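Notebook open, structure loaded. I wanted to see how the copies sit together and then how one chain is put together.

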Protein chains: 4
Amino acid sequence: MRVGLFGFGKAGKAVATILLQSPDVHLCWVVRKSNVLQHRSVPEFLGIVDEEQGVIFSKDEWPVQQLLDEHPVDAIIDFSSAEAVLAYGAEAAKREVTIVTAISAYPPETVDFIKNLSRQTAALWSPNITIGVNFMILAGKILKSIAPYTDIEIIEEHFKTKKEVSGTARIIAETLSLDEMSIKSVRAGGIIGKHEIIFGFPYQTVRLIHESITREAFGNGALFAALSLMDRGKGLYSMEDLLIPYFNLR
Amino acid sequence: MRVGLFGFGKAGKAVATILLQSPDVHLCWVVRKSNVLQHRSVPEFLGIVDEEQGVIFSKDEWPVQQLLDEHPVDAIIDFSSAEAVLAYGAEAAKREVTIVTAISAYPPETVDFIKNLSRQTAALWSPNITIGVNFMILAGKILKSIAPYTDIEIIEEHFKTKKEVSGTARIIAETLSLDEMSIKSVRAGGIIGKHEIIFGFPYQTVRLIHESITREAFGNGALFAALSLMDRGKGLYSMEDLLIPYFNLR
Amino acid sequence: MRVGLFGFGKAGKAVATILLQSPDVHLCWVVRKSNVLQHRSVPEFLGIVDEEQGVIFSKDEWPVQQLLDEHPVDAIIDFSSAEAVLAYGAEAAKREVTIVTAISAYPPETVDFIKNLSRQTAALWSPNITIGVNFMILAGKILKSIAPYTDIEIIEEHFKTKKEVSGTARIIAETLSLDEMSIKSVRAGGIIGKHEIIFGFPYQTVRLIHESITREAFGNGALFAALSLMDRGKGLYSMEDLLIPYFNLR
Amino acid sequence: MRVGLFGFGKAGKAVATILLQSPDVHLCWVVRKSNVLQHRSVPEFLGIVDEEQGVIFSKDEWPVQQLLDEHPVDAIIDFSSAEAVLAYGAEAAKREVTIVTAISAYPPETVDFIKNLSRQTAALWSPNITIGVNFMILAGKILKSIAPYTDIEIIEEHFKTKKEVSGTARIIAETLSLDEMSIKSVRAGGIIGKHEIIFGFPYQTVRLIHESITREAFGNGALFAALSLMDRGKGLYSMEDLLIPYFNLR
């Protein structure tokens, strides 16, 4: 699978590292906002020896049409900004290029725009694209349906400078129909990110815990998404949609 | 649902406490090995005020046939010994009384005997009957199918005097096709029981943790099993069988 | 060491169990409020075979003076109510009987009363008398002095019906000069009691965790206190005072 | 304090980052084995804007004598190899330059060599130089002396490819006089490093946990060591020696 990547910030670089190391995909290019590093090789920049993959382009260097014609890809992975999809979306959808975007928040009109694109191609949007977090949310939903009488609480731990409540914790709370008061936020030192869902039974406790180690986890999630969408048709998907089939045990 | 309980050791007493407090079942009697406390009321013994429930019988006091005729029940819950089912099984199955047994190990011929009973009635056998542990095993199975490349390890913690490796940990290892070397056993002080399955992804970690608080957790599991079997037909079931429908999200 | 125990509620019974099993003390008597079980043997009640220890008296049965004359003890352990010490304190102090009280809150005038008693005998008052919690508080104090730049947060988990913030968590916060906002309270199911102090360093995290299993932990703490006070003179002590010598490594 | 750093591998770079950011020290130079990046600025390489600090020298570029004369420092921090100290040690000790080395293993004759150096200057050698781990070891030692009857177990978790048992876990076991069987090693995915000491009391459990986030933790430890040694005289020190004064509460 040939892949193009939008975004080369901290998350984008981590995602590029994963894509370059995967035998299942070929990273054709990265489009970034700034023109620093223009035309440099991604593997060289990341210290990976692989001359054939990944050229870095600047956002303003190519009209998207020409980019997709001269450097065609099967999937676009987007870790850039909320505006990017407006630029590349129509051309990508026309070519039935799969779109995987991990932008944390889109304005409503952009969500509608993506929905429209999904009539022509497979598109996935997920603010948290790690496999672990999405698994945890679904597992939690199931345990709640088995034992609706349990008390559910969420602990999320992050680095001191993270101001707001974790978006992932909010999504967990929403999915499990919990009050925001159920989220306990710990802010301490350099903790990368830990989410814990506690199910209090009268005489036993179940804990589902997800710990982030580095941003590369986003890369594995995006890769999983892009590969899984190969077998799906047109339509708008979430990470949950891709995981649900694994839960159907019989 | 009218319930009879075999076994009044530590686990049996804890299970009786749960059954007495549930609005969904009526505990009709308890059969125990010794004749201490014979004809005493279970609620009185356990300090629960409820005069109508639970008389304690001694094992040798009644022929099972007469017991089931004079004190009919819809389900039998068995926390006694590996022999008990041989005594009550045939009479119970004939009357289509649901059988829920949590005996940790049966000789092969008794397993065959129970299989035979299950042609006439619904029977469930589960060495670990807590909801939490069985949920954890199924959730672990799913996560392994989603991410077969993860490294899976099991930590089980129990009180110092527990000699052997936890049976539950062995079942988890077996279900996830892990080597017994994957089980790390901690023995320290008075820890009631903790099981943790660690899924090591390259850049994230998922932990599924079950902590036992008291033996009453067995009671909730047995109660769940007995009630769930009401809607099932004849056949031999495991706790997994009863939980699987909750996993089918769509 | 001969010991008398005031209080035979849930905590008192658990403490009695520990005292009866210790080779270092002889439990002479228990004084309880109600006259239920009057003159019964403590070991018999608790199912421990030991005929020589522990008679149960009712509070109103004996004038304290006569009790201490006819059934002399070296130490009194008090898990009863805030009033009890007013009744036995003066007579105990006069006889230089060590006083260990674990009452969670005393009115200021009772605190003054105990301070006065401590001029005549060794007296210890500690609202949380477990060794683990008191160790954790002192260790936390030290780590804060080593690394004052760390972010410190407290998570306390208890059973659903516990309404207020854990008193132990408040004491930890106070000792470490933390805002009450640093305490995150989880209330779920039947969790007995867990306290966690998180020290967030920029690139590492230290966690001090205490988990309660049963109330018997109070008994071990009270026993430790009573035995440790044998080597101390008159004065008012806290659990911290008794633990501090162990921290002086050189 | 003027500091020179030996070693610019993964650990060395992380340590340099911390030193550059500290207001308490000035990183004068880094000596590395290879001559790649020779004469480049450390801050520039690490993406930190600070032109005045840190020039990178190659090992073979300078005789140590000339290096220390022309670029004098108050302390040397060594994250390079077991041989380096043999080259710089004598010249550094002669000038009473403090030596902080975090090399994981030295041959016995090098240990003797360092001991000799410590007659002329303050020298510290510690295979694990993080504050958290060393605090945890001392706290564990104290808790064992308070409650020698507890069962102590160690869990250490690291990335899959770490073959041997963690050296830190071995040191913990040794310090607490535990059998190597007490160490349970979990190897899973990309876990950076977690050490947990479990103290099993009969009715409570205490856990001391250290989690590594990144190698920069070594930098904070080395910095703490170098600064603490300013107030000490000549002699050979360990991290424990520097932490012990904080434990003397009275």
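Predicted model: local features only at pLDDT ≥ 70, side-chain atom pairs only at ≥ 80, totals over all residues.

Chain A goes onto chain B by a rotation of 180° with 0.0 Å of shift along its axis, at an RMSD of 0.0 Å. That is how a two-fold axis relates copies, so I noted it as one. I also checked the surfaces: 100% of the contact residues of chain A recur in chain B, so the same surface serves both copies.

Next I looked up the contact itself. Chain A puts in 36 residues and chain B puts in 36 residues. On the chain A side, helix H6 (131-146), strand S10 (204-212), H8 and helix H9 (239-247) each supply at least two residues. H6(A) gives the most, with 10 residues. Sorting that side by class, I got 22 nonpolar, 10 polar and four charged residues.

Then the strands. I found S10(A) paired with S10 (residues 204-212) of chain B, antiparallel, over nine bridges. Within this pairing I picked out A:Ile209, which stands opposite B:Arg207 in S10(B).

Last, I went inside chain A. Seven residues of domain 1 are in contact with six residues of domain 2. For the domain 1 side, helix H8 (residues 216-229) of chain A brings the largest share, three residues. I classed that side too: three nonpolar, four polar and no charged residues.

Technical notes
Residues numbered from 1 in each chain as written. Chains lettered and ligands numbered in written order. Contact = placed C-beta atoms within 7 Å. Helix = DSSP H or I, 4+ residues; strand = E, 2+ residues; numbered from the N terminus. Nonpolar A, V, L, I, M, F, W, Y, C, P; charged D, E, K, R; others polar. Least-squares fit on C-alpha atoms with pLDDT ≥ 70 in both. Pairing = 2+ DSSP bridges.
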